[in-house]
Amino acid sequence: DYLLAVGGGSVIDGTKLISAGILYDGDAWDLVLAGRPVTHTVPLATVLTLPATGSEMNNGAVISRRETKEKYPFYANYPIFSILDPEVTFTLPPHQVACGLADTFVHVMEQYMTTPGQSRIMDRWAEGILQTLVEIAPKIRENQHDYQLMADFMLSATMALNGFIAMGVSQDWATHMIGHEITALHGLTHGHTLAIVLPATLQVLHEEKGDKLLQYGERVWGITSGTREERIDEAICHTEEFFRSLGLTTRLHEENIGQDTILEIERRFNERGAKYGENGNVTGAVARRILETAL
């Protein structure tokens, strides 16, 4: 016997918590707050309908509690199998497809845009997924019923967060942790929050990420001329323009999110003693700088 999750990341993630909660004598939210992987679970399988989170081939989840406007990571067991049929994506709302493309892109960036020179293979693999997304995104916007395009999208989303491009490299995840708070406080779709936060993260941290930004700019966007700073700025601009080409806003004010939210996220980070990013330096104060840059 097993649980069957039919849906996108939220459905699969919720089922992962259910699979653990069934065997737990207490409130399943306790398992989320504990922050430890849960291995005693009911088996689950998935039928993916919305490519984005990679939850169909990883053991992670993100769980929200609406009453308290909180959203935290949770880890359990991998699905025993997953079915991916590109045809089920043909009727998805275009906004959800756009958010899925953005989510996939940022999943790769969280593992790629860190310390340079760690693994040629991981870099090239990550860059291949990014290049694929840049190539197929405008075509998907024109024709969401193209089987091969949607198959490439589905596989890109899975490969972006199944652990393959994470081998032997440092990871960031600051953009995700900030984005989770925006979703928790305002209900904005997860992938959309990442489109707002990532360009600002790159801008604020451009000095420490400079060498990797140059590599990214050259290999993904073909940027080879200009000064170091000009090429870095151009790479960041291309990233934001990519998200806007999906039909997503990339500034907080466009979603009527302002200083009160920024201060609340800073407070939450400080309360937890948060130190995100590959260098552990994205504290509440840095998160505030990132969000103010994204205004």
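Lys 209 is buried, and so is Glu 278; buried means under 20% relative accessible area, exposed over 50%, and partly exposed in between (1.4 Å probe, protein chains only). This is a predicted model, where local features need pLDDT of at least 70, side-chain atom pairs count only at pLDDT 80 or more, and totals for chains, interfaces and linings use all residues. Residues are numbered from 1 along each chain as its sequence is written, and side-chain values use heavy atoms, with hydrogens and water left out.

Visitor: How far apart are the closest N and O atoms of Lys 209 and Glu 278?

Guide: These two form a salt bridge, that is, a side-chain nitrogen of Lys or Arg within 4 Å of a carboxyl oxygen of Asp or Glu. Lys 209 sits in the loop between helices H7 and H8 and Glu 278 in the loop between H10 and H11, so the pair ties together parts 69 residues apart in sequence. Helices here are DSSP runs (H or I, at least four residues), as are strands (E, at least two), numbered from the N terminus. The closest N and O atoms of Lys 209 and Glu 278 are apart by 3.0 Å.

Visitor: Is Glu 181, the salt-bridge partner of Arg 272, buried or exposed?

Guide: The side chains of Arg 272 and Glu 181 meet at 2.5 Å, N to O. Arg 272 lies in helix H10 and Glu 181 in helix H6, so this pair ties together parts 91 residues apart in sequence. Arg 272 is partly exposed at 32%. With a relative accessibility of 2%, Glu 181 counts as buried.

Visitor: Which helix holds both Glu 271 and Arg 267?

Guide: Glu 271 and Arg 267 form a salt bridge too, with the closest N and O atoms 3.3 Å apart. Glu 271 is exposed at 61% relative accessible area, while Arg 267 is partly exposed at 40%. They are four residues apart, which means about one helical turn separates them, and the helix is H10.

Visitor: How many salt bridges does the count come to?

Guide: By the 4 Å rule, the count comes to 18.
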